[in-house]
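User: I'd like to talk through this model with you. Can we go over how its helices pack?

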Amino acid sequence: MKPNIILTLTKACGNLAVLAGLIFLIIELRQNSTIALSQIRQERTLSIIDEYALFAQNRQFSSMLHRALEDGDFDSLSKDDWNQIRLYETARMVRLEDVFFQYHNGLIDDSAYNFSLAMAASRLPFWKWLKVAAFNPEFRAAVEASTQQQDFKQATLALEFSKWSKKNPSPFRGIWAPSVYE
């Protein structure tokens, strides 16, 4: 065989090996991406399960939360009760903002994002009255914009709370964070 033919065959084999390596790498990256998305979803689900399991174990907090967020008995809550709800809503806002962050980094699907954004939009009257900290201005803007969407429907509880809060000013000043929902 001539040296040119050997050199050409060697280059062709080398190029095929590189191409096969790239195809293998793409398949590997897709699998890793799927695994990462699955792990993120599992962690998110476990954090929600842990949160509700703790509520189930704390009868006093669970009862207070039920009176406020299920029965709409806002007048029965003390300032300390409202502060507990404020901390609870801050934790919820952080969890929903994390979904926003993960979605914009391609780590979470549309259904989880849309559900979380709708939940955040329905919490907005509470967050404003409670002066919950708004850590991410982009998330805050997305939540506000979501309330302006044509298909947005405010939850009955939020509507009742909005009426109640007009007659009952917030006991919170919102001075604990540089930016709060107002």
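Analyst: Helices are DSSP runs (H or I, at least four residues), numbered from the N terminus. This is a predicted model, where local features need pLDDT of at least 70, side-chain atom pairs count only at pLDDT 80 or more, and totals for chains, interfaces and linings use all residues. Residues are numbered from 1 along each chain as its sequence is written, and side-chain values use heavy atoms, with hydrogens and water left out.

User: At what angle do the axes of helix 2 and helix 3 cross?

Analyst: Phe61, Met64, Leu65, Arg67, Ala68 and Leu69 of helix 2 meet Asp81, Gln84, Ile85, Tyr88 and Glu89 of helix 3 (contact means heavy atoms within 4.5 Å). The two axes come within 11 Å and cross at roughly 85 degrees. An angle of 65 to 115 degrees counts as roughly perpendicular, so helix 2 is roughly perpendicular to helix 3.

User: Which helices do the buried residues of helix 5 pack against?

Analyst: Buried means under 20% relative accessible area, exposed over 50%, partly exposed in between (1.4 Å probe, protein chains only). In helix 5, Phe139, Ala142, Val143, Ser146 and Thr147 are buried. They cover an arc of only 140 degrees around the axis, so they sit on the same side of helix 5 (the arc is that of the directions from the helix axis to the C-beta atoms). Their packing partners are helix 3 and helix 4.

User: Is Pro137 buried or exposed?

Analyst: Pro137 is found in helix 5, on the face turned away from the buried side, which also carries Glu138. With a relative accessible area of 63%, Pro137 is exposed.

User: And is Gln154 buried or exposed?

Analyst: Gln154 lies in the loop between helix 5 and helix 6. Not counting residues up to four places away in sequence, Gln154 touches Ala121, Ser122, Pro125 and Leu159. At 19% relative accessibility, Gln154 counts as buried.

Methods: Helices (H or I, at least four residues) and strands (E, at least two) are DSSP runs, numbered from the N terminus. Axes are lines fitted to C-alpha atoms, for helices over the stretch in contact, and angles run from 0 to 180 degrees between N-to-C directions. Angles under 35 degrees count as roughly parallel, over 145 as roughly antiparallel, 65 to 115 as roughly perpendicular and the rest as oblique.
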